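Here is a note for someone opening this model for the first time. Please keep the structure in view and go through the points in order.

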Amino acid sequence: MKRRQFTNLSLFLLGLTLANCGQRQDSETTITSSGSDSVRIWWSQGFYPEETEAIRRLVQRWEEDSGLPVELTLYSEGDILQEAERAIAAGSPPDILYSHDADLTFIPQLAWKNQLADVSDVIEVAESLYTPTVLNAVKYLNQTTGERSYYSVPITQTTNHIHYWQPLLASIGAGDEEIPQDWERFWQFWESAQAPIRNQGQGDFYSMGLPMSPSASDTFFVFEQFLAAFDVEVINLAGELQLDSPQVREGIAKSLDAYTRFYKQQYVPPEATNWGNADNNVAFLSRSTLMTINPTLSIPGSQRQDKVTYEEQLLTAAWPNKPNGDPMTSMVSIKQVVIFESSKYKDEAKKFLSYLIEPENLKLYIQGSQGRFFPVMPQLLEDPFWQNSSDPHISKAYQQFYQIRPFAQALNPAYSEVQNQNVWGKVIAEMVSKDLSAQEATDRAIAAMKAIFQDWQ
């Protein structure tokens with residue numbers, strides 16, 4: 001491995017280590033006041049030091065300004081939801097919780113069970129700062145009240161980004177301007193690059209780094225983008241399953257076939273069936289794959305210290321048009337903060353969230369993430385940080401948020417369990433490892449989803 005490649009990968013692994021350094025016994029309490037008399041905040045450890053430092057500063061400023069004592073505890077993303085579940089079972093959850101992944105699996109279920117505080121009073125004051133799409137994504141159904149309301153406060157959003165190595169393309173005489181926008185030709189472009197690059201002595205090299213693992217949430221996150229490409233909506237706006245629709249069934253089968261054929265035709269590393277969420281990043285940064293898809297901008301963000309790599313070598317591509325020729329709709333995950341209904345300091349916790357989403361404060365936190373997360377407030381996107389047309393990653397990603405579609409768990413909380421069980425990841429893994437047909441995989445996915453929704457009643 002060349003020295004620059006080693007440096008790139010080392011920078012990423014350093015960030016990964018920082019993001020995962022918060023096991024229960026090693027969780028980091030950064031501001032400790034008077035124990036049970038403090039507002040307790042549990043927060044995901046930042047992927048970058050700047051992200052962690054930003055939340056520390058904001059909490060400390062609020063504590064000083066409000067005079068209210070705060071206890072901020074940082075957990076790794078891999079641990080925070082498990083710790084929260086234990087705390088809920090023990091009857092001692094924190095007052096405030098933020099987890100990067102909670103919107104997909106955790107928050108809809110807590111809202112359904114009436115375990116989250118209604119934060120409508122926080123949202124309504126700031127309603128004009130958000131888009132209707134973002135607000136609808138945090139309006140959850142409560143089984144106890146039988147009504148929808150705001151049970152979380154949105155702070156950022158993410159979507160799927162395509163990254164590739166420009167020098168590898170250039171080595172076979174291909175240029176950025178040659179990347180097609182037609183769906184079929186786009187994927188053929190990457191496929192056709194594999195053999196010429198291998199012939200240059202790259203050996204164990206693959207054109208695409210796509211997760212195929214049932215254990216990685218990245219698998220269903222990326223696959224949902226393929227469902228969007230084929231205009232598949234599993235749930236309608238009323239929150240009802242549409243799985244008996246022949247059009248939906250056909251769309252699911254087409255999406256599964258399109259996604260898994262890259263692996264079946266050996267354009268994806270064989271170990272992708274066992275990947276965790278970070279493994280496609282590692283494979284890409286070691287330059288053993290030409291392109292990859294990632295649910296955040298963490299890959300280029302990890303390379304900001306290396307200007308040549310960030311600005312010239314590692315590039316971000318626009319998604320192709322849908323197979324029908326329409327512009328792509330971006331699947332977005334809205335990152336959210338919640339307050340527990342059992343919180344002793346509910347009013348104080350709401351005051352902190354109101355402080356956090358003041359645009360200048362939220363701007364500080366988001367930019368600390370190095371562009372990994374995007375703002376959910378349009379006015380924050382006017383900042384030069386997001387308007388930098390010379391940034392090869394931010395400028396491309398910015399365009400992806402013009403036309404968005406949130407994940408379906410806000411429409412029906414049962415879909416959060418579909419994601420929690422990684423139904424899509426399981427059938428994808430079976431298709432590539434057991435040669436399951438797209439139709440058989442579709443039938444299994446539909447049966448699993450119907451069972452989950454039936455149990456939810």
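1. Helix α3 gives the most to the lining of the largest pocket, with six residues. The model is a predicted one. Helices α1 (3–19), α3 (77–89), α4 (102–105), α5 (107–112), α10 (217–229) and α19 (414–420) each supply at least two residues of that lining.

2. What is the volume of the largest pocket? The value is about 1,200 Å³. The pocket is lined by 44 residues, and E77, G78, D101, S217 and N277 are the closest to its centre. By class, the lining divides into 16 nonpolar, 21 polar and seven charged residues.

3. Turn to the second largest pocket. Its volume is about 470 Å³. There are 21 lining residues, with L237, R405, P406, F407 and L411 nearest the centre. Here the classes are 14 nonpolar, two polar and five charged.

4. Which elements build this second pocket? Helix α7 (132–136), helix α10 and strand β14 (404–406) each supply at least two lining residues. The largest share, three residues, comes from β14.

5. The structure holds one cavity of 30 Å³ or more. About 50 Å³ of space lies in the largest cavity. Its lining consists of D103, A137, Y140, V332, S333, I334, Q336, P406, F407, Q409 and A410. Seven of these residues are nonpolar, three polar and one charged. Strand β12 (residues 330–339) provides the largest share, four residues.

6. T156 deserves a look. This residue is found in strand β7 (residues 153–159). Is T156 buried or exposed? With a relative accessible area of 0%, T156 counts as buried, because the cut-off is under 20%. Leaving out residues up to four places away in sequence, T156 touches Y98, S333, I334, K335, I366, F373, F374 and V376.

7. Compare K351, found in helix α15 (residues 346–356). K351 has a relative accessible area of 53%, so this residue is exposed, the cut-off being over 50%. K351 and I334 are 17 residues apart in sequence. In space they are 21 Å apart, C-alpha to C-alpha.

8. Strand β2 (residues 39–44) is largely enclosed by the rest of the structure, because five of its six residues are buried. Strand β2 pairs with strand β3 (residues 70–75) in the parallel sense, over six bridges. In this pairing, W42 stands opposite T73 of β3. Strand β2, helix α2 (residues 49–66) and strand β3 make a right-handed β-α-β unit.

9. Strand β2 has another partner. Strand β4 (residues 96–98) pairs with β2 in the parallel sense, over three bridges. W43 stands opposite Y98 in β4.

10. Finally, strand β5 (residues 139–142). In a regular strand, side chains alternate between the two faces of the sheet. Which residues of β5 lie on the covered face? They are Y140 and N142, while K139 and L141 make up the uncovered face.

11. Strand β5 and strand β6 (residues 147–150) pair in the antiparallel sense over four bridges. K139 stands opposite Y150 in β6. The two strands form a hairpin with four residues between them. In the turn, G146 has a positive phi of about 75°.

Definitions and conventions: Residues numbered from 1 in each chain as written. Predicted model: local features only at pLDDT ≥ 70, side-chain atom pairs only at ≥ 80, totals over all residues. Heavy atoms only, no water. Buried < 20%, exposed > 50% of the residue type's maximum accessible area, 1.4 Å probe, protein only. Contact = heavy atoms within 4.5 Å. 1 Å grid on protein atoms, 1.4 Å probe; cavity = no way out; pocket = protein on both sides within 12 Å on 5 of 7 lines; lining within 4 Å. Points joined across faces, edges and corners; volume = space filled by probe spheres on them. Nonpolar A, V, L, I, M, F, W, Y, C, P; charged D, E, K, R; others polar. Pairing = 2+ DSSP bridges. Right-handed = clockwise from strand over helix to strand, strands pointing away.
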